[in-house]
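Thanks for coming. I will walk through one protein model, beginning with a pair of charged residues and widening out from there. Please have a look at it first.

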Amino acid sequence: MFRKVIVAVDASGPSMELLNGMDDLLKLGMKELIIVHVIRTETAGIGLSIRREKFLQNIEDKKSEINALGVEVKILQPIGKPSEEIKLVATEEKADLILIGSLGEGSLVRRLFLGSTVTEVIRGTKISVLVEKYAREEGRLMRIPVFQEGKPATALLATDFSRSSLHIFDTFLDQPGIFERLVLFNVIDEGYTEQQLKANTEKAMARLEEWKSEFESKGFEVNIEVVIGVASEHIIEASKRDDISILAISRRGRSMVDELVIGSNADHIVRQSACPVLLLKA
């Protein structure tokens, strides 16, 4: 799915935890990793070269570990605004995926999430973005892996049947063997009459049944779901099920998925999802 991956880190624990997700990225097809250590413009100055060198020393062992997995690793240390540098590097390197974290403490990862950077990256790049999630274990923030031992890898694919959201289905259809189970998920807006809701539900179920047959012919186990209400709320609720490994959504759509890229809804989905979020390019 994704051959060349960009990951933005600093030297903090939660940020460096992103580099422990190599097993996930390898299963998703990674062959090249570009580690981006963004130095904010306001902190650049005296001692810059020393800080850069210290970071390289701290990350050397991790780089060697990743190299040993057969992955080519490049480290870049640009100066500037994090969101702009991440997008610039991803574009110049022709990356397939940007990996960012959704939570951190006093680090670049925290600024990425709590500031405007995640929204700026998601809205400002045409490249797919994987937003990792964290859970607190024994006082530490630990990355939640997509692929967990003893648990079937299950992707929830949310669609509003727009062309860009159906691209999600095509992407997964072309990659059998990575995920064992799929949930094809559609939300119908509740602002209709009872008769219209019934008709829209039947129409959506019929379309999802067609896709289900396509996926099953490739060996996937598939469930389909059509619900009524607010799309973002139902997507977040679905992400909290124990069996969901990753939530896949398009960055653009006709109605449901438009909510994810306009205003604060993108931040809301990323903030509240209980599992990693894959925002696929349109």
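E32 and K4 are both buried, where buried means under 20% relative accessible area, exposed means over 50%, and partly exposed is in between (1.4 Å probe, protein chains only). Before I go on, this is a predicted model: local features need pLDDT of at least 70, side-chain atom pairs count only at pLDDT 80 or more, and totals for chains, interfaces and linings use all residues. Residues are numbered from 1 along each chain as its sequence is written, and side-chain values use heavy atoms, with hydrogens and water left out.

Back to the pair. E32 and K4 form a salt bridge, with the closest N and O atoms 3.8 Å apart; the term means a side-chain nitrogen of Lys or Arg within 4 Å of a carboxyl oxygen of Asp or Glu. This links distant parts of the chain, since E32 is in strand β2 and K4 in strand β1, 28 residues apart. Helices (H or I, at least four residues) and strands (E, at least two) are DSSP runs, numbered from the N terminus.

Which other residue forms a salt bridge with E32, its closest N and O atoms being 2.5 Å apart? That is R3. R3 lies in the segment before β1 and E32 in β2, so this pair ties together parts that are 29 residues apart in sequence. R3 is partly exposed, at 45% relative accessibility, while E32 is buried at 18%. A network of salt bridges links R3, K4, E32, K74 and E93. The structure holds 12 salt bridges.

Another of these is in helix α8, residues 194-217, where K212 lies. K212 pairs with E216, the closest N and O atoms being 4.0 Å apart. The two are four residues apart in the helix, and therefore separated by about one helical turn. E216 is partly exposed, at 40%. Beyond its neighbours within four places in sequence, K212 is in contact (heavy atoms within 4.5 Å) with L184, V222 and I224.

Now helix α7, residues 163-173. Is it enclosed or open? It is largely enclosed by the rest of the structure, because eight of its 11 residues are buried. Among them are L166, I168 and F169. The buried residues of α7 pack against β8, β9, α8, β11 and β12. S250 is found in β11 and is buried, with a relative accessible area of 0%. S250 and S164 are 86 residues apart in sequence, yet 6.4 Å apart in space, C-alpha to C-alpha.

Two backbone angles deserve a mention. Most residues other than glycine have a negative phi. F161, in the loop between β8 and α7, has a positive phi, near 70°, and is buried at 10%. K94 has a positive phi of about 55°; K94 sits in the loop between α4 and β4 and is exposed, at 66% relative accessibility.

Finally, the whole chain. What does its secondary structure come to? There are 10 helices and 12 strands. Of the 282 residues, 52% count as buried. Among contacts between residues at least 6 apart in sequence, 79% join residues at least 24 apart.
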